[in-house]
Amino acid sequence: MRIRGVAVAVIAALFGMVGCHGKPAAKSATQHYPVRGVVVSTDTGTGEIGLNAEAIPGFMEAMTMSYKLADPTVMSELHVGDRITATLAFENDAAGPVNMRLSDIVVIAQAKPDYKPAVQYHVPAAGDAVPDFVLLNQSDKKIRLGQFKGKVLVMTFVYTRCPLADYCPRMSRNFASIDKDLSGDKKLYAETHLLSVSFDPTYDTPKVLKSYGEAYTGRYTQETFGHWDFAAPQAAEMEKMEEFFDLGVTPGENGTLQHSLATLVIGKDGKVTAFYPTNDWTADEVETEIRKAAAA
């Protein structure tokens with residue numbers, strides 16, 4: 001496909017694998033990036049799909065190109081127009097990324113009307129009422145999303161073992177910045193609450209979440225978690241949350257998870273006011289939305 005050749009050339013240029021002195025880069029270990037996009041073509045003969053992929057921060061801009069499937073049998077479950085999340089894997093050689101392939105594919109929105117997927121994912125939109133999900137927080141206490149009605153709730157999803165600095169750690173750093181900024185306005189601070197939800201409930205126990213939270217707030221053993229909770233639901237509840245918040249989560253290697261992202265601002269009435277499905281939002285942007293929701 002012509003579009004594939006162009007895209008590979010763009011990626012090679014982005015990475016600059018051959019320096020100005022012409023010295024080739026050594027082949028590196030496999031790299032992995034979460035990706036989401038819309039299927040634009042399928043080819044059972046080559047085992048490839050065309051994917052109109054969203055930008056992958058730190059790797060490439062949004063573009064359409066062909067990718068091989070790590071497991072070609074998945075092809076039968078994919079249709080043109082399906083929206084998916086997946087893991088993009090590749091190696092680098094002197095020419096740039098090679099052997100680009102997709103694994104851990106999750107269909108989060110089905111396009112084919114005569115096919116009913118096992119799981120129906122919901123994309124949160126402004127005005128959607130958020131279900132009263134139950135979680136266990138860092139203090140080993142059950143909390144419910146409904147208990148935060150009357151306040152503006154800012155929620156994101158992470159897991160404590162996430163190895164990609166631009167994903168979960170970035171969400172937590174942004175939340176730490178929001179927490180600090182809001183604390184400068186006593187009235188607004190009292191009208192808001194932050195919630196980081198782990199989608200790894202087996203590993204992220206209250207003890208683990210407490211330690212993780214103390215580090216990100218920067219108050220360590222002095223942290224009371226009065227304004228920012230770190231919590232995880234039970235596995236069955238996690239599945240429901242993944243479906244409602246449009247999260248794709250699949251097991252990776254060595255205890256890692258391949259996942260998409262979701263950050264929300266929820267108004268005092270328990271309804272969504274803003275939804276951010278990627279990692280390209282800023283603390284300032286979300287704080288503006290928080291102030292609007294608090295004033296409503």
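Predicted model: local features only at pLDDT ≥ 70, side-chain atom pairs only at ≥ 80, totals over all residues.
The largest nonpolar core holds 76 residues, and Phe157 and Phe245 have the most contacts inside it. Strand S8, residues 152-158, contributes the largest share of this core, with six residues. Once neighbours within four places in sequence are set aside, Phe157 is in contact with Met171, Val197, Phe199, Met238, Met241, Phe245, Leu247, Leu261, Ala262 and Leu264.

Charged pairs come next. Side chains of opposite charge can pair when their charged atoms come close. The model has 12 salt bridges. One of them joins Asp246 and Arg83, with 2.8 Å from N to O. Asp246 sits in the loop between helix H5 (235-244) and strand S11 (249-251), while Arg83 belongs to strand S4 (residues 83-93), so this pair links distant parts of the chain, 163 residues apart. Asp246 counts as buried because its relative accessibility is 0%. Arg83 also counts as buried, because its value of 18% falls under the 20% limit.

A second bridge joins Arg291 and Asp185, whose closest N and O atoms are 3.8 Å apart. Arg291 is in helix H6 (residues 283-295) and Asp185 is in the loop between helix H2 (168-182) and helix H3 (186-190), so the bridge ties together parts that lie 106 residues apart in sequence. Arg291 is partly exposed at 39% relative accessible area. Asp185 is partly exposed as well, at 30%.

Helix H6 also holds a local pair. Glu289 and Lys292 form a salt bridge in which the closest N and O atoms are 3.5 Å apart. Both residues lie in helix H6, three residues apart, which is about one turn of the helix. Glu289 counts as buried at 15% relative accessibility, whereas Lys292 counts as exposed at 51%.

The next topic is empty space. Rolling a probe the size of a water molecule over the atoms shows where such space is left. There are two cavities of 30 Å³ or more. The largest cavity contains about 160 Å³ of space. Its lining is made of 14 residues, and Pro34, Arg36, Ala55, Tyr167 and Thr278 are the ones nearest its centre. Strand S1 (residues 31-43) gives the most to this lining, with three residues. Sorted by class, the lining of the largest cavity has eight nonpolar, four polar and two charged residues.

Residues in its lining include Pro34, Thr85, Asp104, Gly248, Gln258 and Ser260. S4, strand S5 (96-109), S11 and strand S12 (257-259) each supply at least two residues to the lining of the second largest cavity. The largest share, three residues, comes from S4. By class, this lining has four nonpolar, seven polar and one charged residues.

The largest pocket holds about 330 Å³. It is lined by 19 residues, with His32, Gly252, Glu253, Thr256 and Gln258 closest to its centre. S1, S4, S5 and S12 are the elements that give two or more residues to this lining. The lining of the largest pocket divides into eight nonpolar, eight polar and three charged residues. Gln258 is listed for this pocket and for the second largest cavity.

The backbone supplies the last topic. Most residues other than glycine have a negative phi. Asp140 has a positive phi, near 65 degrees. Asp140 is in the loop between strand S6 (134-137) and strand S7 (142-144), and it counts as exposed at 53% relative accessibility. Asp246 also has a positive phi, near 60 degrees. Like Asp140, Asp246 lies in a loop, here between H5 and S11. Asp246, however, is buried, with a relative accessible area of 0%. Asp246 is also the residue that pairs with Arg83.

How values were computed: Residues numbered from 1 in each chain as written. Heavy atoms only, no water. Core = buried A, V, L, I, M, F, W, Y, C linked by side-chain atoms within 4.5 Å. Buried < 20%, exposed > 50% of the residue type's maximum accessible area, 1.4 Å probe, protein only. Helix = DSSP H or I, 4+ residues; strand = E, 2+ residues; numbered from the N terminus. Contact = heavy atoms within 4.5 Å. Salt bridge = Lys/Arg side-chain N within 4 Å of Asp/Glu carboxyl O. 1 Å grid on protein atoms, 1.4 Å probe; cavity = no way out; pocket = protein on both sides within 12 Å on 5 of 7 lines; lining within 4 Å. Points joined across faces, edges and corners; volume = space filled by probe spheres on them. Nonpolar A, V, L, I, M, F, W, Y, C, P; charged D, E, K, R; others polar.
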